[in-house]
Every structure is written in structure tokens, then in C-alpha cells.
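User: I'd like to learn how to read the nonpolar core of a protein model. Can you walk me through one?
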Amino acid sequence: MHRRGHFLHLYCIVTDMKKFILSIAILATAAVAGCNTQKNSGIVTDPLSVMGGSKDARAADAIGGERDEHGCLTSAGYIWSVVRNDCVRPWEAGVKLASATDPNVTQATYVIFSDDSARAEVFVSGRKGVVLTQSGKSQVWSDGKLTLVRDAKGSLSLIEEDRTIFKS
């Protein structure tokens, strides 16, 4: 009898362990299934996705950036370029010009060229760009008030009223 009782006790322990392991397996399966369902259930996992647009644009909006009438993120330094038909950062897309009259001037001036170089846009200290048009095949762009000239060495000079005001 003693052996039989011992065997019965061992049988109960094994059966309980099987039930326990089966319960754990069922719970784990349910948890994994719940995760997969959550991805496709319409629950928002990316809070920026409700904003629409590209991920970069949404991220910029989340930063709290202000946009101009063209959608350029002005708080990140973007400004609308007519010659590129896009938002640009002049210091990234353009050629920097320094004051030709005073080396202590810290005013930033940049020139951005269209893809075909037929037009040049001059940005002075974050203001709207001024578009200059190339004269024929020469290395001269003008709008009647400002003239941009590229010399034989490739240096640029911005001229106003016959006076060079900025140089590259």
C-alpha cells in the first residue's frame, strides 16, 4: 500500500505540472496573439502618424516649427527659393558671400543657382530672395538693381549701383 500511495502522489504532482505548463503555454500564446492584433487594430503606436504628411514633416511639426506660406520650416532655417522651387537652407544650398566693403560685417549673404544656372537668387540676412537672370551665356546675372558677376577664377561679386558690395 505504501508504494501505491507514493506512486499516486507522484502521479498527482506530474499531472499538476502538466496542467501548469499547459496554462503557461496558453497564456503566452494569447499574449503574443494580442500583440499582433494590436498592430492591426487601428491603435496608434506612432503618435506622429495622426498628423499626416511625411515622417520628417511630422517630426518637424512635433518640434513646434512655424511654417511660411510655402510650407517651409522657418524655425529650422528653411526659406522658399524661387529658383529651386523648394524650401532650402541658404547656407547649405548656396554660395556664401562676404562683405566687400567692411570685413567686420557679420551679415550673411548667399547665392543659390537654378539647376541650369540661368537664374541666381540672392539671400541677404534671411530676407526673401532676389532673383537675378543670366544675360545670354555670360557669367552675369542681373535684375536691373543688383548684378552678380562670376570672374575667370570662379569668384562671385555682387554689385549694386556700380559698387561691389559682396564677394565670394
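Analyst: A nonpolar core is a set of buried Ala, Val, Leu, Ile, Met, Phe, Trp, Tyr and Cys residues joined through side-chain atoms within 4.5 Å, where buried means under 20% relative accessible area with a 1.4 Å probe, protein chains only. Here the largest one has 14 residues, and Val111, Phe113, Leu132, Leu148 and Leu158 touch the most other members. The model is predicted, with local features needing pLDDT of at least 70 and side-chain atom pairs 80 or more, while totals for chains, interfaces and linings use all residues. Residues are numbered from 1 along each chain as its sequence is written, and side-chain values use heavy atoms, leaving out hydrogens and water.

User: Which elements give two or more residues to this core?

Analyst: Strands are DSSP runs of E, at least two residues, and helices are runs of H or I, at least four, numbered from the N terminus. The contributors are β4 (109-113), β5 (119-124), β8 (146-150), β9 (156-160) and β10 (163-167). β5 gives the largest share, three residues.

User: What is Leu132 in contact with, beyond its neighbours within four places in sequence?

Analyst: Contact means heavy atoms within 4.5 Å. For Leu132 the partners include Ala118, Val122, Trp141, Leu146, Leu148 and Leu158, along with the polar Ser142 and Asp143. There's also a second, separate core of five residues, among them Ile79, Val83, Ile112 and Phe123.

User: And how much of the chain counts as buried?

Analyst: 20% of the 168 residues. The chain has three helices and ten strands overall.

Terms used:
Buried means under 20% relative accessible area, exposed over 50%, partly exposed in between (1.4 Å probe, protein chains only).
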